[in-house]
Amino acid sequence: MLQKPNQRIGATSNSQVGRDFENQARQYFSSQGIQLHEGFSLLVGVNGETKAHAFDLGCGDQKVIVECKSHRWTTGGNVPSAKLTVWNEAMYYFLAAPDGFRKVMFVLKDFSEKRRMALAEYYIGRYAHLIPKGVELWQFDTGSLAADQVWPVST
């Protein structure tokens with residue numbers, strides 16, 4: 001298989017990696033009694049202007065919206081800065097989403113030996129000021145199929 005620049009090693013395509021991760025997220029939430037649908041659309045906006053936005057997963061009955069990100073540290077252990085801007089964009093959509101919804105950012109648990117932290121932990125340390133009130137950040141371990149909430153931090 002010919003590897004394209006910026007494509008996940010061993011993957012057929014980055015979009016397939018994303019779809020596979022969304023499917024794992026949906027299965028995880030289903031095991032928790034939350035039935036989510038792909039491409040869940042809501043009107044979002046600020047200052048009275050709205051437009052439809054499709055969240056990765058969601059449910060109108062259970063009032064849950066989820067954005068899924070399966071990003072990893074770079075192969076050299078560096079910060080994937082461009083990818084984290086996509087996380088910031090997701091935070092803005094959560095901010096612009098209607099009140100009353102549970103808002104979950106569901107990310108791949110990827111640990112960096114070099115930095116001695118998971119990517120979600122790095123994101124919180126660098127961008128906590130951009131996480132809207134009420135947004136939950138969960139990291140998912142694809143090996144154990146376990147998820148843990150890393151934001152908000154319980155005191």
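Me: What makes the contact between Arg-72 and Asp-110 a salt bridge?

Reply: The closest N and O atoms of Arg-72 and Asp-110 are 3.3 Å apart, and a salt bridge is a side-chain nitrogen of Lys or Arg within 4 Å of a carboxyl oxygen of Asp or Glu, so the pair qualifies. Helices (H or I, at least four residues) and strands (E, at least two) are DSSP runs, numbered from the N terminus. This is a predicted model, in which local features need pLDDT of at least 70 and side-chain atom pairs count only at pLDDT 80 or more, while totals for chains, interfaces and linings use all residues. Residues are numbered from 1 along each chain as its sequence is written, and side-chain values use heavy atoms, with hydrogens and water left out.

Me: Why is Asp-110 called buried?

Reply: Its relative accessibility is 12%, and buried means under 20% relative accessible area, exposed over 50% and partly exposed in between (1.4 Å probe, protein chains only), so Asp-110 falls in the buried class. Arg-72, at 35%, is therefore partly exposed.

Me: How do you know that Glu-38 and Arg-26 form a salt bridge?

Reply: Their side chains meet at 2.8 Å, N to O, which is within the 4 Å limit, so the pair is one of the four salt bridges of the structure. Glu-38 is in strand β1 and Arg-26 in helix α1 (residues 14-31), so parts twelve residues apart in sequence are tied together. Glu-38, at 56% relative accessibility, counts as exposed, whereas Arg-26, at 23%, is partly exposed. Lys-69 and Glu-67 also meet in a salt bridge, at 3.6 Å, N to O, and both of these residues are buried.

Me: What makes Phe-40 and Phe-101 an aromatic pair, and why is it called tilted?

Reply: A search of the whole structure finds twelve aromatic pairs. In the pair of Phe-40 and Phe-101 the ring centres are 6.4 Å apart and the planes make an angle of 50°. Phe-40 belongs to strand β1 (residues 37-44) and Phe-101 to the loop between α2 (81-96) and β4 (102-108), so the pair ties together parts 61 residues apart in sequence. Phe-40 and Phe-101 are both buried.

Me: What makes a set of residues a nonpolar core, and which residues have the most contacts inside the largest one?

Reply: A nonpolar core is a set of buried Ala, Val, Leu, Ile, Met, Phe, Trp, Tyr and Cys residues joined through side-chain atoms within 4.5 Å. The largest core has 27 residues, and those with the most contacts inside it are Ile-65, Leu-84, Met-105, Tyr-123 and Leu-137. At least two core residues come from each of β1, α2, β4, α3 (119-127) and β7 (135-141). A second, separate core has 17 residues, including Leu-36, Cys-59, Val-66 and Cys-68. The buried residues of α3 are Leu-119, Ala-120, Tyr-122, Tyr-123, Ile-124 and Tyr-127.

Me: Why is Val-46 called partly exposed?

Reply: The relative accessible area of Val-46 is 38%, which lies between the limits of 20% and 50%, so Val-46 is partly exposed. Val-46 is found in the loop between β1 and β2 (51-59).

How values were computed: Rings of Phe, Tyr and Trp (its six-membered ring) pair if their centres lie within 6.5 Å; planes under 30 degrees apart count as stacked, over 60 as edge-to-face and the rest as tilted.
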